Amino acid sequence: MIKFMLAIVRRDILLVARQPAEMINPLVFFVLVVALFPLGVSPEASLLSEVAAGVIWVAAMLATLLSLELLFKLDHDDGSLEQLLLAPYPSWTLVLAKVFVHWLVSGLPLILISPLIATMLFLPTHAVPALMLSLLLGTPTLSLLGAIGAALVTGVRGGGMLLTLLILPLYVPVIIFGSSSVAAAAQGMAVDGYIALLAAMFVFALMITPWAAGSALKL
Amino acid sequence: MTQSIWRMPRWFHQMGSPKWFYDFGGILQPWFAVAAFVLLTWGVVWGLAYAPADYQQGNSFRIMYVHVPAAILSQSIFLGMAVAGAIGLIWKMKLAFMVARSCIAIGATFTIIALLTGAIWGKPTWGAYWVWDARLTSTLVLLFLYAGVMALNQAISERQVAGKATAILAIVGTINIPIIKYSVEWWNTLHQSSSFTLTSKPSMPADMYLPLLLTVLGSYCLFALVVLMRTRTQILQTQSGTSWLAQHRDITGA
Amino acid sequence: MYFESLDALLNMAGHGPYVWSCYGLFVALLGINIWHARSQNLKALKQAKALVRRNQ
């Protein structure tokens, strides 16, 4: 079973490597959205630092959403998804492997570039570790939850918009605690509680979503 | 879920038969209609005209008699929809999916009523039509959940697949509702200074509380009525080829 | 009745518009739902009858 998952991970990474645009896009989108805020609102440091936590988190969420549609779509379109589902392994292994690659491609770069983004929005430097930690726990959760939506709308026309509509309510708790943890860190308060909750949500998503998405794929 | 590991008792199996549901539901329908009308009219008239005004809020608190039932129903209908979906998935009962589908529109309606009446109630109470308080915000998220279920149901053309997909979404949504509510409430305590709750807890005198009971019960009866009607409609739409329907009284007019 | 006159009932010491619009929303939206469910039911019944007649 592990070999199956590793094979899928390798395959998906290879597919992404052939089209590096797929990897750059979420990153560029993330930076662009963040950059638009000073442009659209105000470049004042005092204002930006107050909203930095929330803006970064919402931008990360949007970037994740952008790349989610393709999670299963490409494989569904050329028929390989059906073949993969016929493999003698539970469907949740397929989901878990694909979500992992999705996170590698969209979540991890966001985490790595977040210190730079924090500077753009005047987030205090002592809050950056909390930012990275919250994103580290939060982006996989977003990828996992998004996989359910992506699985449900596979093969549906106009799936992209529908996907967003389906998943956003599920994202609300993650956004709330993610951005609150960063805001708390910026004010010098302890973040243990928030991080614990984010971790709990991650574990919870890890347990439920592969199964739910797997069942949805088989429909 | 490929194997059902729970065995159905016979009465449960019988309830899954569309013909039984159509006939029995047809008998129950008028009763629920009458009950809904009586309970709601009684509750509304009592609450509007006869209940004493609230000491703090004055007459605007009367909105409670429509806001609270709407809020309660909006959440319990979503839960019921998920339960029906789960039954359909576990026991592969088509009827359960039909019942779940019947819940979507009425549930969303109650949610919209809860949102709008909550907002209107906010104006004389807090001076603003919209405040990001915990209750209103989670109701808004609930409306998004309903919208998602509705959109998914309409987007998938195959009825069977649509039923299963919406069941999965409803179940995932239901599991998330407590998490969402908790996080929104928590977020609210962080940002809101006032700790005012929209509905005063029932340390109310009986003549203030009883009309509420009536409107809640009446709303549940109305919900039952709509679910019966919409499910029977779906039965008519999908069972036209069967012999029991072809020979049914409603069709032959006998 | 709690209110002394019909006017007072409508006005509710200034809160009238709020209360009545809420009750109006309640009745209207639920009424639309019931009416829609009923009309869908009647339409399905008509179509089922037509289908059965065609099959005979």
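## Close-up views of a predicted three-chain model

Chain B averages a pLDDT of 85, and 90% of its residues score at least 70. The structure shown is a predicted model, and each legend below describes one part of it.

View 1. Chain B contains nine helices and zero strands, and when it is read along the sequence its pattern is α-α-α-α-α-α-α-α-α. The C-alpha trace of chain B spans about 60 × 40 × 30 Å along its principal axes. Among the elements of chain B, the lowest mean pLDDT, 71, belongs to helix α1 (residues 10–15), whereas the highest, 94, belongs to α3(B). Over residues 193–202 of chain B the pLDDT stays under 50, and for this stretch the model has six contacts beyond four places in sequence.

**View 2. Helix α3 of chain B and the residue that follows.** Helix α3 of chain B covers residues 64–91, which makes 28 residues, and from its first C-alpha to its last it reaches 40 Å, close to the 40 Å expected at 1.5 Å a residue. After α3(B) comes K92(B), whose phi is positive, near 50 degrees.

**View 3. Helices α4 and α5 of chain B, packed against each other.** The axes of α4(B) and α5(B) lie 9 Å apart, and the two helices pack at an angle of about 155 degrees. Angles over 145 degrees count as roughly antiparallel, and α4(B) and α5(B) are therefore roughly antiparallel to each other. Their crossing is left-handed. On the α4(B) side, the residues that make the contact include R101(B), I104(B), G107(B) and A108(B), while on the α5(B) side they include R135(B), L136(B), Y146(B) and N153(B). The residues of this contact divide into 13 nonpolar, five polar and two charged.

**View 4. Helices α6 and α7 of chain A, packed against each other.** Helix α6 (residues 91–120) and helix α7 (residues 128–152) of chain A have axes that come within 9 Å and cross at roughly 150 degrees. With the same cut-off of 145 degrees for roughly antiparallel, α6(A) and α7(A) are therefore roughly antiparallel to each other. The crossing in which α6(A) passes α7(A) is right-handed. Among the residues making the contact are V95(A), H102(A), W103(A) and P115(A) of α6(A), together with V128(A), M132(A), P140(A) and A147(A) of α7(A). The residues of the contact of α6(A) with α7(A) divide into 15 nonpolar, five polar and no charged.

**View 5. The contact between chains B and A.** This contact takes 24 residues from chain B and 19 residues from chain A. On the side of chain B that touches chain A, α5 (134–155) and α6 (159–191) each supply at least two residues, and the largest share, 14 residues, comes from α6(B). The residues on this side of chain B divide into 19 nonpolar, four polar and one charged.

**View 6. The contact between chains B and C.** Two pairs of chains touch, and the most contacts among them are between chains B and C. Here the contact takes 38 residues from chain B and 28 residues from chain C. Several helices of chain B each supply at least two residues of this side, including α2 (18–50), α4 (94–126) and α7 (206–238), and the largest share, 11 residues, comes from α4(B). The residues on the side of chain B that touches chain C divide into 24 nonpolar, nine polar and five charged. Chain A and chain C, by comparison, are joined by no contact, and their closest C-alpha atoms lie 24 Å apart.

Technical notes
Residues are numbered from 1 along each chain as its sequence is written. Chains are lettered from A and ligands numbered from 1 in the order in which they are written. This is a predicted model: local features need pLDDT of at least 70, side-chain atom pairs count only at pLDDT 80 or more; totals for chains, interfaces and linings use all residues. Two residues are in contact if their C-beta atoms, placed from the backbone, lie within 7 Å. Helices (H or I, at least four residues) and strands (E, at least two) are DSSP runs, numbered from the N terminus. Ala, Val, Leu, Ile, Met, Phe, Trp, Tyr, Cys and Pro count as nonpolar, Asp, Glu, Lys and Arg as charged, and the others, Gly among them, as polar. The expected span of a helix is 1.5 Å times one less than its number of residues. Axes are lines fitted to C-alpha atoms, for helices over the stretch in contact, and angles run from 0 to 180 degrees between N-to-C directions. Angles under 35 degrees count as roughly parallel, over 145 as roughly antiparallel, 65 to 115 as roughly perpendicular and the rest as oblique. A crossing is left-handed if the near helix is turned anticlockwise from the far one by less than a right angle, and right-handed if clockwise. pLDDT is the predictor's confidence in each residue, from 0 to 100.
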